[in-house]
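Colleague: I'm new to this one and would like to learn how to read it. Could you walk me through a few features?

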Amino acid sequence: MFVLYLIPCLFALDPDAGWHIRSGGDILSHGIPAHDLYSYTATDFLWIHHEWLADVINYLIYQLGGFVLLSVVYASAWTAATLVFLRNWRYGALAVIATLAVLPYVGVRATTWTVGFMALLSWLIDSSHRWRIAAILALFLVWANIHGGFVLGLVYLLWITIWRRSALLGIAFVGAVALTGVTPYGYRIYEEVFRTLLDTSLHHRIDEWRSFAFEPSIVPYLGIWASTIVLRGRKWRTIPWFDGLLLISAVLSVRNVPLFVLMSLTSTQRSFSTLAATLPKKITLVHRWLLPLTLSIGGMVLGACLLYDYQFLAHPEKTQYPEEIVEKLRQQPCEGRIFNSYNVGGYLIWKLPDTEVYIDGRMPSWELNGRKYMDDYYRILRDDTFRRQQFEHYGVRCVIWEGSDAFARKLQSEGWQTTRDESTLVLLRRPA
């Protein structure tokens, strides 16, 4: 499981990983930001940085051991969360199926923190230690400063409180809500969280927010999960209702798939435990031997597919991000500002610290004085007059874009000079 998690962490660089590392260093040097620091379009925007503590941790780990150590830490977090949700290691084969299901969404990503904290919260709720309430409160105090996913943790805690009718957990919930305001931004932290959650435009603009966009890898696990519910019967108290809510959230936004899969592991393995006592001996043998064998074959096929894509494994940055273009810009800086593709904004913030970007992964829901930055970004692509006005206003002299895209071809037809690198991206310089 750890090796499976490590592969995407090492070789699938998340578009936001770069700015997270840069941000951590800037916070240690200059303090927690109050305004946007990295774009030339949103300098007046009040940036509520709800991941500031995670960025500091990322930066320190990166300084200690580079991206390899950062990948190992994140892969370890994914592995630990999976095992905590599993609870019973006898069903390790089920955990591997779940791992394969979430693999397309794994990486050095901020959502890892929420997955890990949800695992820890579920374990604390089910524990019998006297100090568990204090631990839950401490968890939310840290969580609110690490990632906006703490809101989902509050929803889960409230759900369990009502389901179990526990006054003690109710007290923990009230205390947790109070402590989430202990951030550099106070309770305004909720403003940034709900700005993103309520932005419906993300579901058709940003890949990780898309609705009804499951990867095929989830099908085996989804079939197992649904089958165990049917086989256990229809008593309403035995139905994992919260799993169903997580499944709905995953359908609405694929970024929630890991939480659904891993959190539902607990109820699924309990269903297996209940059903195992009624299975004939021959079926038990199938469960013990045939399933692991199938998983082993599937793992080898997956490994072969990854190794086949040798260029991606050997040079991940060159196939996803403009490594050579960045080097050219260091040697021959742009004479003006750069208009960049959304997906490379975080990389440019990381690798070109002296250059501001037009847009990056922090900004799709940002809005100021009725103006949404993402709307302007898309309007530039389709409205030539608006594009010329924006480029003139900001002094844009260079563009980093996908070379095969119609927008890049349009600029080339207008005389923009093109420089290609080994990635799919091109650097276009505006003629004098």
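Predicted model: local features only at pLDDT ≥ 70, side-chain atom pairs only at ≥ 80, totals over all residues.

Colleague: What pairs with β6 in the antiparallel sense over 5 bridges?

Modeller: That's strand β4 (residues 396–402). There, Cys 398 stands opposite Arg 429 of β6.

Colleague: In what order do the 4 strands of the open sheet come?

Modeller: The order is β1-β4-β6-β5, with mixed pairing. β1 (337–340) and β5 are the edge strands, each pairing on one side only. From one strand to the next, the twist averages 25°. Helix α19 (residues 373–382) lies across β1 and β4, at about 85° to β1. Such angles run from 0 to 180 degrees between N-to-C directions, with axes fitted as lines to C-alpha atoms, for helices over the stretch in contact.

Colleague: Are the faces of β6 covered or open?

Modeller: In a regular strand, side chains alternate between the two faces of the sheet. In β6 both faces are covered: Leu 425, Leu 427 and Arg 429 are buried on one side, Val 426 and Leu 428 on the other. Buried means under 20% relative accessible area, exposed means over 50%, and partly exposed is in between (1.4 Å probe, protein chains only).

Colleague: And how do I read helix packing?

Modeller: Two packed helices are described by the angle between their axes and the distance between the axes. Take α7 (residues 150–164) and α8 (residues 167–179): their axes come within 9 Å and cross at roughly 160°. So α7 is roughly antiparallel to α8. The labels are: under 35 degrees roughly parallel, over 145 roughly antiparallel, 65 to 115 roughly perpendicular, and the rest oblique. Among the residues that meet are Leu 154 and Leu 157 in α7 and Phe 173 and Val 177 in α8, where contact means heavy atoms within 4.5 Å. By class, the residues of this contact are 9 nonpolar, 2 polar and no charged. Ala, Val, Leu, Ile, Met, Phe, Trp, Tyr, Cys and Pro count as nonpolar, Asp, Glu, Lys and Arg as charged, and the others, Gly among them, as polar.

Colleague: At what angle do α3 and α6 pack?

Modeller: Helix α3 (residues 52–86) and helix α6 (residues 132–146) pack at about 80°, with axes 5 Å apart. That makes them roughly perpendicular. Their contact has 6 nonpolar, 1 polar and no charged residues.

Colleague: Last one: why does Ser 253 count as buried?

Modeller: Because its relative accessibility is 3%. Ser 253 sits in the loop between α12 (241–252) and α13 (257–276).

Terms used: Residues numbered from 1 in each chain as written. Heavy atoms only, no water. Helix = DSSP H or I, 4+ residues; strand = E, 2+ residues; numbered from the N terminus. Pairing = 2+ DSSP bridges.
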